[in-house]
Amino acid sequence: GGAAALAAALADPSGCALRSLNLAANYRLGPEGALSLAAALPSSGLAELHLAGCAVGAGPVGRIAAAVARSSLRLLDLSHNQIGDRGAWDLAWAIAEPHAQLTTLILKSDDIEDDGAAELLAALAHNTVLEVLDLSGNRIDPSGEHGASQDRRVTLGFQSRPFLHTPAEAAPSGGEASGGDAASSA
């Protein structure tokens, strides 16, 4: 398809001088197209890749992450692709690599939760190059133990679900606390 032809052109070291590629909102790209582009990344000269809203999903993110770790890419936008915690874990591995050159990673509205955020934050501890990690619009508790709100490189912005910070012991009397065992209260 079109993504495979584009990837072949990007991978050709003699012909492609493209530095920025914006394929945002091309939902037909999907996982297969994302895999084709990932294969071309290490030999391409791309500095920016925008794949927001391309229906990538979590599956190909491992290959994208591996390619990012071996490429000259400085900006990667995978927003609105529903990569979830699985995709976040794969990307965390890539940004922790010592040769990673990525300075901006945009993961807006990707269904990432606290576990994925924690992995990304742990990777940031080993990365001095990444300047911006945008996690706006996900499902991350802003006051969570992952510490995302303390790192100046991380943008949490609006999160897509409300968070209740009511301890179990503060539950109203006569009612069960969330996750409680009915047998233990008898």
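Me: Buried means under 20% relative accessible area, exposed over 50%, and partly exposed in between (1.4 Å probe, protein chains only). Which helix holds Asp85?

Reply: Asp85 is in helix H4. A helix here is a DSSP run of H or I with at least four residues, a strand a run of E with at least two, both numbered from the N terminus. Note that this is a predicted model, where local features need pLDDT of at least 70, side-chain atom pairs count only at pLDDT 80 or more, and totals for chains, interfaces and linings use all residues. Residues are numbered from 1 along each chain as its sequence is written, and side-chain values use heavy atoms, with hydrogens and water left out.

Me: And why does Asp85 count as buried?

Reply: Because its relative accessible area is 14%.

Me: What does Asp85 touch, beyond four places in sequence?

Reply: Asp85 is in contact (heavy atoms within 4.5 Å) with Asp111, Ile112, Glu113, Asp115 and Gly116. A polar atom of the Asp85 side chain lies 2.8 Å from the backbone nitrogen of Glu113.

Me: New topic. What order do the strands of the sheet take?

Reply: The sheet is open, with six strands in the order E1-E2-E3-E4-E5-E6 and parallel pairing. The edge strands, E1 (20–22) and E6 (154–155), each pair on one side only. Two strands pair if DSSP finds at least two bridges between them.

Me: How many bridges join E1 and E2?

Reply: Three, in the parallel sense, with E2 covering residues 48–50. Asn22 has His50 in E2 as its bridge partner.

Me: How many residues are in the largest nonpolar core?

Reply: That core has 46 residues, and Leu76, Leu91, Leu105, Leu107, Leu120, Leu133 and Leu135 have the most contacts inside it. H3 gives the most to this core, with six residues. A nonpolar core is a set of buried Ala, Val, Leu, Ile, Met, Phe, Trp, Tyr and Cys residues joined through side-chain atoms within 4.5 Å.

Me: Which residues of H3 are buried, then?

Reply: Val61, Ile64, Ala65, Ala66, Ala67, Val68 and Ala69. That is seven of the nine residues in H3. Their cover includes H2, strand E3 (75–77) and H4.

Conventions
A polar contact is a pair of N or O atoms within 3.5 Å; within protein, one must be able to donate a hydrogen and the other to accept it, and residues adjacent in sequence count only if both atoms are side-chain atoms.
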